[in-house]
Amino acid sequence: MSPIARALSPDDAADVSAYFASLDTPFPPLAAPDPNLVKKGSELAEAGDPPKRIPPCSACHGKGGTGEPPTIPYLAGQYAHYTA
C-alpha cells in the first residue's frame with residue numbers, strides 16, 4: 001500500500017481516512033478475550049513451537065509484532081480474523 005498511499009495528497013489522505021473511519025467494521029473487538037488463548041498466543045509469538053518447527057512470529061514481524069516496513073506487515077493490534 002505504501003506506493004499507492006504516497007501518491008495521495010494530504011487532503012486525499014484525510015478524505016480516505018474519514019471515509020474508512022465512518023464505516024462499520026465487520027470484525028468488532030472482542031469484549032473479553034480468553035486469557036488462555038492470549039497466553040498460548042503470546043508463547044507462540046515469542047518462542048514459536050520448536051517441536052512443530054514453527055518459528056516465533058517475531059523472527060519475521062519484529063519484536064511485539066510491529067512489522068518491518070515496508071515489506072513485512074505488523075501483527076500487533078490486528079484482529080484475530082486477519083491473523084488467522
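Lys39 is exposed, with a relative accessibility of 53%. In this predicted model, Lys39 forms a salt bridge with Glu43, and the structure holds one such bridge. The count of disulfides comes to zero, and the buried residue Asp49 has no salt bridge. A nonpolar surface patch of about 470 Å² is also present.

- The closest N and O atoms of Lys39 and Glu43 are 3.3 Å apart, which lies within the 4 Å cut-off for a salt bridge.
- Lys39 and Glu43 stand four residues apart in helix H3, so about one helical turn separates them.
- Glu43 is partly exposed at 37% relative accessibility, whereas Lys39 is exposed at 53%.
- Side chains of opposite charge can pair when their charged atoms come close.

- Asp49 is found in the loop between H3 and helix H4, the latter spanning 58-61.
- Although Asp49 is buried, it has no salt bridge.
- Leaving aside residues up to four places away in sequence, Asp49 touches Leu44 and Ile54.

**Cysteines**

- A disulfide is a covalent bond between the sulfur atoms of two cysteines.
- The cysteine sulfur closest to that of Cys57 belongs to Cys60, and because the separation is 8.9 Å, the two are too far apart for a bond.
- Cys60 is likewise in no disulfide, the nearest cysteine sulfur being that of Cys57.
- The cut-off applied to a pair of cysteine sulfur atoms is 2.5 Å, and by this rule the disulfide count is zero.
- Cys57 is partly exposed, with a relative accessibility of 35%, and Cys60 is partly exposed at 46%.

**Nonpolar surface patch**

- Leu8, Val16, Tyr19, Phe20 and Leu23 make the nonpolar surface patch of about 470 Å².
- Leu23, one of the residues of this patch, is found in the loop between helix H2, which spans 10-22, and helix H3, which spans 35-47.
- Leu23 is partly exposed, its relative accessible area being 40%; membership of a patch calls for over 30%.

How values were computed. Residues numbered from 1 in each chain as written. Predicted model: local features only at pLDDT ≥ 70, side-chain atom pairs only at ≥ 80, totals over all residues. Heavy atoms only, no water. Patch = residues over 30% accessible without salt bridge, like charges linked within 9 Å, V, L, I, M, F, W, Y side chains within 5 Å. Areas by Shrake-Rupley, 256 points an atom, 1.4 Å probe, with all protein chains shown as cover. Salt bridge = Lys/Arg side-chain N within 4 Å of Asp/Glu carboxyl O. Helix = DSSP H or I, 4+ residues; strand = E, 2+ residues; numbered from the N terminus. Buried < 20%, exposed > 50% of the residue type's maximum accessible area, 1.4 Å probe, protein only. Lys, Arg positive; Asp, Glu negative; His and termini not counted. Contact = heavy atoms within 4.5 Å.
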